[in-house]
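Here is a friendly walk through a two-part model, written to be read with the viewer open. Have a look at it first, and then follow along section by section.

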Amino acid sequence: MSAPGDRDLWSEALGGLRAELRRRLGSVRAETGEPEDPEAGVDWVALVDDLRRRFGQLGMRERSGEVDDFGLDPETIRSVRGALGFLRERWWRTEVVGLEQVPDDRAVLFVANHSGLLPWDGLVLADTIAMAHGEARRPRFLIADWLITLPFVQPALARLGGVRACPENAERLLTTERSVVAFPEGVKGAAKSFKDRYRLQRFGRGGAVRLALAADVPLVPVAIVGAEEAHPILFRVEAPARALGLPFLPVTPTFPWLGPLGALPLPAKWVISFGEPLATPPHSPDTARDDLLVARLTEELRAEVQRLVKEALAIRQGVFT
Amino acid sequence: MTRSIAITGLRTFLGRRLAERLSAQPELSLIGLDRLRPQGLALGVEFREVDLTRPDAGAALVDIFHKEDVQGVVHLAFRREPSPDLEGDHELETIGSLHLLHAVAGAGVPRLLLGSSTMVYGPHPDNPNFLTEEHPLRGHRHAHCVQNRVETERLVADWSARHPACSVTVLRPCWIVGPTYGDAVTRYLRRSTVPTLLGYDPLLQLIHEEDCLDAFERAALGHHPGVYNVVAPGVVPLSTLLRRAGKRLLPVPPPLLYRLRAYPSQAQTGDRPEGFYDYLRYLWVADGRRGWEAFGRPLYSTREAWMAAVSAERMRSYR
């Protein structure tokens, strides 16, 4: 409990201190050449407040706060653009083939082969399209469920344009005119061991084709070669991974031997090869429900991506050249 | 001809404010129901004492509905926030709703409006980014009030199938914020240092109290059978919300946070901490398009609703 008298005493003492500070600091100000105001001096309280405000603003700037409805933050994308560009152009020397076949005036469903544990392939593909067709056409890449549950990974991927792979999300994106990158191989694709790295797994249950037919968007097959060498999986370890809640733990030439450094991707050469949009029957509400048609188109799509992978491999001379 | 509408849970925020709004309507007489008489009853609201936890509540309600010739019931008798009395909450929220349903059927009331919450979808890592009204109601097994609402919604859906004569509207608002609204959630968000889950930053959705009341008012006056999410457009990450309000974040590893049972904001809910903090861990954003078509688009987006609540809070600190 402080009586009113105490408070007066305090403010008087503080006032005295302040006058003393001003008298002593008056000379400092004269040396720095600022207009001297003998009455005011340096207002340290205002200075500290100002500094705090400025640092606070810096803190705010890293998060713009303007995320779109799927959590993509343009500010985050802008801040990592340099690093991503370096990875794409210098580290992986990505070669892009067939980009002119991608329609740039409407939403597209990209269907690509998947490899590698971290979704580098989706991120680089999305970035390539955004570079070529403008930021507004940046596609969202679908990410597997198990990545969603990981701390730190999920928020980061969401800010960069990753969206949990489920039909509701893809449908909503496509119907609101936003392109989507789907990896129908799913976790099976990510878990491919090194010897099977160029062989495509089964394409889910035809969900991607069904979605494209329902939303009436073109299906563009894409082959991404190089991501499998960025984190080549020698073999998988399952028992300790379960304890951590992961589907499996990969053993790569660098991980876990080098610890966190092992998470760095190897500088393999990448080729991204776009195919022609898949020929689909004219849009009608029934096509998406025609299971036989969906199955046939899914197989066609898989064969086309597999063909593109082989073609892309022919473009590369070796893994690193 | 005057219509008459009954509101249960007159002392809740939504009940009181909705009664105030509806009492301004011409040709509408209002019957407010609650266990105790509220202070500052709005003009034109007639109060009747009903305790939904009593076994004879159904018969008492039928009497009132018949006598006043009630044409619609707005059911809002739910706890504003979980209390440690788990049994009591269950008796009021689930069994009380059951009594009410029996009375509505017994008196042949043609309309029922149920106030629920989007929390019934539950926070789950495998939720789609936008939950539509058809999504299964999974709730959260450690949030007993949410489980009560899930159970109530199931009861209402079953009951509604057996009583096609009554048209049922269910509104599911997300977390409400605003200058005058307060509950356990706003109390958590009002702290100057807010504990969050380390490594998680979900997108959140908030609705302004006035927008929420608008939707309830329109639903009570119009004819909108079905289920509607009542949410504001736009989503904002939790960290952005807190930083915008100038708060300090205290990221705590989830396993540790889940062991802090005695944490002040969580000690009074009677639930394990997961029951609240999982809502700050995983996504549970609802799709509002159907509600916007029926009741109009909210005036405040999520961010604006939050800023309105924060600035009101700031103004309150000046004396």
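## Chain A at a glance

Of the 321 residues in chain A, 34% are buried (a residue is buried if 20 or more other C-beta atoms, placed from the backbone, lie within 10 Å of its own). This is a predicted model, in which local features need pLDDT of at least 70 and side-chain atom pairs count only at pLDDT 80 or more, while totals for chains, interfaces and linings use all residues. Residues are numbered from 1 along each chain as its sequence is written, and chains are lettered from A and ligands numbered from 1 in the order in which they are written.

Chain A has 12 helices and 9 strands; these are DSSP runs numbered from the N terminus, with at least four residues of H or I for a helix and at least two of E for a strand. Among contacts in chain A with a separation of 6 or more, 70% join residues 24 or more positions apart. Two residues are in contact if their C-beta atoms, placed from the backbone, lie within 7 Å.

## The sheet of chain A

An open sheet of 7 strands runs β1-β9-β6-β2-β5-β3-β4 in chain A, with mixed pairing (two strands pair if DSSP finds at least two bridges between them). At its edges stand β1 (95-97) and β4 of chain A, each with a single partner strand, so one side of each has no neighbour in the sheet. From one strand to the next, the twist averages 25 degrees; angles run from 0 to 180 degrees between N-to-C directions, and axes are lines fitted to C-alpha atoms, for helices over the stretch in contact.

β1(A) pairs with β9 (residues 271-274) of chain A in the parallel sense over 3 bridges, and E95(A) stands opposite V271(A). Helix α7(A) lies across β2, β3, β4 and β5 of chain A, at about 145 degrees to β5(A).

## Where the chains meet

The contact between the chains involves 19 residues of chain A and 17 residues of chain B. On the chain A side, α5 (145-148), β4 (162-164) and α7 (167-175) each supply at least two residues, and α7(A) gives the most, with 3 residues.

By class, that side of chain A has 9 nonpolar, 4 polar and 6 charged residues. Here Ala, Val, Leu, Ile, Met, Phe, Trp, Tyr, Cys and Pro count as nonpolar, Asp, Glu, Lys and Arg as charged, and the others, Gly among them, as polar.

## The sheet of chain B

## Helix packing in chain B

Helices α3 (residues 86-107) and α4 (residues 144-162) of chain B pack at about 15 degrees, with axes 10 Å apart. That makes α3(B) roughly parallel to α4(B) (angles under 35 degrees count as roughly parallel, over 145 as roughly antiparallel, 65 to 115 as roughly perpendicular and the rest as oblique). Their contact has 7 nonpolar, 6 polar and 4 charged residues.

Note on methods: A residue is buried if 20 or more other C-beta atoms lie within 10 Å of its own, exposed if 12 or fewer, and partly exposed in between; C-beta atoms are placed from the backbone.
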